[in-house]
Amino acid sequence: MSKFEMYANLGLGHITDFQGFDHMLFLLALCATYQLADWRKWLLAVTLFTIGHSVTLFIAGMGYLEVNANWIEFLIPVTIFIAGLVNLRKPAKNKGGYMRPVLAGVFGLVHGFGFSNYFKMVFAEETSPLAAVGYFTLGIEAGQLLIVLAIFLISWALVQGLRVKQRDWELFVTGGVVALSLFLMSETFPQGIF
Amino acid sequence: MPVHFVMSLVLALATWSHEYYVGVFKMDYIPAEQRIELTAKLFTDDFEQALSQFAGHPITLNNPEKHGALIARYCLQNIQLGANQGPLKLQFVGAEATPDVTYVYLECTQVASYQEINVTVRMFFEILPKQINIFHLRHAGKTTSAYLNTSNPQFLFKL
């Protein structure tokens with residue numbers, strides 16, 4: 001395999017792996033109020049998330065900026081929680097504005113910090129770490145699009161096929177994601193800060 | 001099935017903070033010396049866990065040279081190279097450990113030039129089914145890469 005193939009595959013596996021499912025929760029919360037036809041908005045949001053994730057993966061991995069790992073582990077479910085809360089606004093607001101794509105970019109920045117050790121293991125000694133992270137990023141983007149399309153397939157089957165109300169589906173998904181994010185927040189709450 | 005699903009979800013949640021298991025292997029062929037150099041870069045905590053299970057008692061790597069024989073046995077059991085119609089004999093050269101990462105150095109000597117080489121790495125699969133081992137093979141200035149996991153621990157590099 002070429003490096004491109006290898007790192008792109010690695011990125012794809014990284015994001016579609018069930019064990020890394022905090023990404024999936026985030027995408028569920030993000031995409032619950034979009035539909036396939038809103039592709040310009042959700043594609044922008046997903047892509048900004050990918051870019052944010054890769055920027056901080058690189059910055060933290062190269063050691064330009066150190067952030068306490070315990071805080072990042074806690075902040076990741078916080079971002080998922082916020083992404084869920086935003087879904088309570090009127091659906092039209094979520095579909096229309098740029099707030100969610102911007103939020104997605106910011107959340108991507110937070111998530112990327114969680115992988116600085118991964119960077120040090122996998123990319124740090126590459127002849128061109130930037131290129132390697134770039135290939136990895138393309139794999140991540142492809143993986144996220146696969147997950148998003150799977151989410152839309154399920155929501156389409158429920159809304160069109162089983163006549164579930166769109167808003168019911170949105171709130172059902174959001175409730176589940178928010179509950180899990182609260183559980184993750186309690187698990188990762190940094191010890192000894194009070 | 002639902003109970004099993006919920007259980008695995010809870011387990012995934014409980015262990016989610018360290019959800020990546022990865023190692024990086026770099027191999028170089030030095031034609032003038034007919035020698036293969038192989039460096040394994042591993043997360044120290046995972047390696048300690050694997051060695052502890054292998055040895056049957058707790059191992060810490062703050063002084064890896066002390067455990068040279070054990071590291072050698074574990075690595076030689078879990079890494080196999082084959083070229084020129086036969087297995088290559090790997091030898092342990094040394095190890096260096098930091099709190100995060102451990103490097104293990106291995107070599108093969110008297111290796112005649114080869115056209116293809118078969119690599120099998122099963123490192124940590126016995127304790128970490130999610131482990132991915134990235135393998136970079138450098139030969140005459142060209143790098144070919146692959147990644148090996150439990151479902152695919154072997155790769156045939158064609159030069």
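Student: What should I know about numbering and cut-offs first?
Tutor: Residues count from 1 along each chain as written, chains are lettered from A and ligands numbered from 1 in the order written. The model is predicted, so local features need pLDDT of at least 70, side-chain atom pairs need pLDDT 80 or more, and totals for chains, interfaces and linings use all residues, while side-chain values use heavy atoms, with hydrogens and water left out.

Student: What pattern does chain B follow along the sequence?
Tutor: Helices (H or I, at least four residues) and strands (E, at least two) are DSSP runs numbered from the N terminus. Chain B has three helices and 10 strands. Read in order, the pattern is α-β-β-α-α-β-β-β-β-β-β-β-β.

Student: How far apart are the end C-alpha atoms of helix 2 in chain B?
Tutor: Helix 2 covers residues 44-55, which is 12 residues. The expected span is 1.5 Å times one less than the number of residues, so it should come to 16 Å. The model agrees, with the ends apart by 16 Å.

Student: Which elements do the buried residues of that helix 2 pack against?
Tutor: Buried means under 20% relative accessible area, exposed over 50%, and partly exposed in between (1.4 Å probe, protein chains only). The buried residues of helix 2 of chain B include B:Phe47, B:Ala50 and B:Leu51. In chain B, they pack against strand 2 (35-43), helix 3 (68-78) and strand 6 (101-108).

Student: Which chain B residue does A:Tyr7 contact?
Tutor: Contact means heavy atoms within 4.5 Å. Leaving aside neighbours within four places in sequence, A:Tyr7 has contacts including A:Val122, A:Phe123 and A:Glu126.

Student: How many residues apart in sequence are the parts tied together by A:Lys3 and A:Glu126?
Tutor: These two form a salt bridge, 3.0 Å between the closest N and O atoms; the term means a side-chain nitrogen of Lys or Arg within 4 Å of a carboxyl oxygen of Asp or Glu. A:Lys3 sits in helix 1 (residues 3-16) and A:Glu126 in the loop between helix 7 (116-122) and helix 8, so the pair ties together parts whose separation is 123 residues.

Student: Which chain B residue pairs with A:Glu125 in a salt bridge?
Tutor: A:Glu125 is partly exposed at 39% relative accessibility. The closest N and O atoms of its salt bridge are 3.7 Å apart. The pair crosses between chains, reaching strand 1 (residues 22-30) of chain B at B:Lys26.

Student: Is B:Phe124, with its positive phi, buried or exposed?
Tutor: Most residues other than glycine have a negative phi. B:Phe124 has phi near 70 degrees and lies in the loop between strand 7 and strand 8 (132-139) of chain B. At 0% relative accessibility, B:Phe124 counts as buried.
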